Amino acid sequence: MAPVLKTAEELEIMRQAGRIVAIAHEEMRRAIEPGVSTKRLDSIALTVLRDHGAEPCFLGYAPGNHPPFPATITASINNELVHGIPSESRALAEGDVIGIDVACFYQGYVGDAAFTHPVGEISRSAKRLLNATEAALDAAIQASILGNKISDVAKATSKCAGRQGYSVAREYTGHGVGQAMHEEPQVPNWWHSKKSKHQWEDYDLQIGMTYAIEPMLIAGRPDLAELDDGWTVVTKDGSLTAHFEHTVAITEAGPRILTLA
């Protein structure tokens, strides 16, 4: 199925959805400190979304063999790459890094974005990983221009990560966003060779295409495992991870980030 191109009117609704997600990010950033539970952060996000007339995409989401996701945000700490489940008993500790992903439905359209944040004072190596992941996101956004393809966006991420000595998550990708949370195209963090088992569709970037770019960088080996909760993805070697994400629209003037405050 080809990507759904959005009209100018649809992009404005998606911009409003993205702004709501960004406001939720801001409120959670203010609350992140040692001792705060991930459930508290989840409650903050849910309140922001509903106060702005939006509903969470993740709550109750159950693709494939996954159980229904029980929260508004995913909250992934340290070696948890993505899809961590918020809990009242999970408190943040000094030196942690926490990746938070939020998506909402607003007037029939989706906004989706993620960030990784330090808890108190973190190590120099952790700071370097967070900075590199944000840089990879920026590189992929800058590659989201007419004349390029999805493969150019993916290669921009992997090149940026590789230059700084980090692995990228291969099994998990960015994705098209619109009236559904996951549409075409898939937007991977690397691009396959002809012999790879991964064979994503490579699309020319077109005006009105909208997708979430989400670099996931790993300080160690890229081998991953899913925990028994059916959601949380961790690095097998326990190495630190970081995850940043924006929803972007392709326009004649260049990439437009839809998930800013």
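Is E27 buried, partly exposed or exposed? With a relative accessible area of 33%, E27 is partly exposed, where buried means under 20% relative accessible area, exposed means over 50%, and partly exposed lies in between (1.4 Å probe, protein chains only).

## About the model

This is a predicted model, in which local features need pLDDT of at least 70 and side-chain atom pairs count only at pLDDT 80 or more, while totals for chains, interfaces and linings use all residues. Residues are numbered from 1 along each chain as its sequence is written, and side-chain values use heavy atoms, with hydrogens and water left out.

## Salt bridges

Nine salt bridges are found in a search of the whole structure, a salt bridge being a side-chain nitrogen of Lys or Arg within 4 Å of a carboxyl oxygen of Asp or Glu. One of them joins E27 to R30, with the closest N and O atoms 2.5 Å apart. These two residues are three apart in helix α1, a separation of about one helical turn; helices (H or I, at least four residues) and strands (E, at least two) are DSSP runs numbered from the N terminus. R30 is exposed, at a relative accessible area of 61%.

Another pair is E12 and R256, whose closest N and O atoms are 3.1 Å apart. In helix α2 (residues 38-51), D42 and K39 lie three residues apart, about one turn of the helix, and their side chains meet in a salt bridge of 3.7 Å, N to O. D42 is buried, with a relative accessible area of 4%, whereas K39 is partly exposed at 31%.

## A histidine in helix α1

H25 is also found in helix α1, and it is buried, with a relative accessible area of 6%. Leaving aside residues up to four places away in sequence, H25 touches I100, V102, A113, A114 and F115, where contact means heavy atoms within 4.5 Å.

## Helices α3 and α4

Two packed helices are described by the angle between their axes and the distance between the axes. For helix α3 (residues 124-142) and helix α4 (residues 150-163), the axes come within 8 Å and cross at roughly 155 degrees. That makes α3 roughly antiparallel to α4, a term for angles over 145 degrees.

Where the two helices meet, A132, A135, A136, A139 and A140 in α3 are in contact with V153, A156, T157 and C160 in α4. The residues of this contact divide into eight nonpolar, one polar and no charged.

## Backbone details

A cis peptide bond, with omega of about 5 degrees, joins E184 and P185, and P185 is placed in strand β8 (residues 183-187).

Although H83 is not a glycine, it has a positive phi of about 70 degrees; H83 sits in the loop between β3 (80-82) and β4 (97-106) and is partly exposed, at a relative accessible area of 24%. Q107, likewise not a glycine, has a positive phi of about 50 degrees. Q107 is found in the loop between β4 and β5 (109-118), and it is exposed, with a relative accessible area of 53%.

How values were computed
Axes fitted to C-alpha atoms, helices over the stretch in contact; angles between N-to-C directions. Parallel < 35°, antiparallel > 145°, perpendicular 65-115°, else oblique. Nonpolar A, V, L, I, M, F, W, Y, C, P; charged D, E, K, R; others polar.
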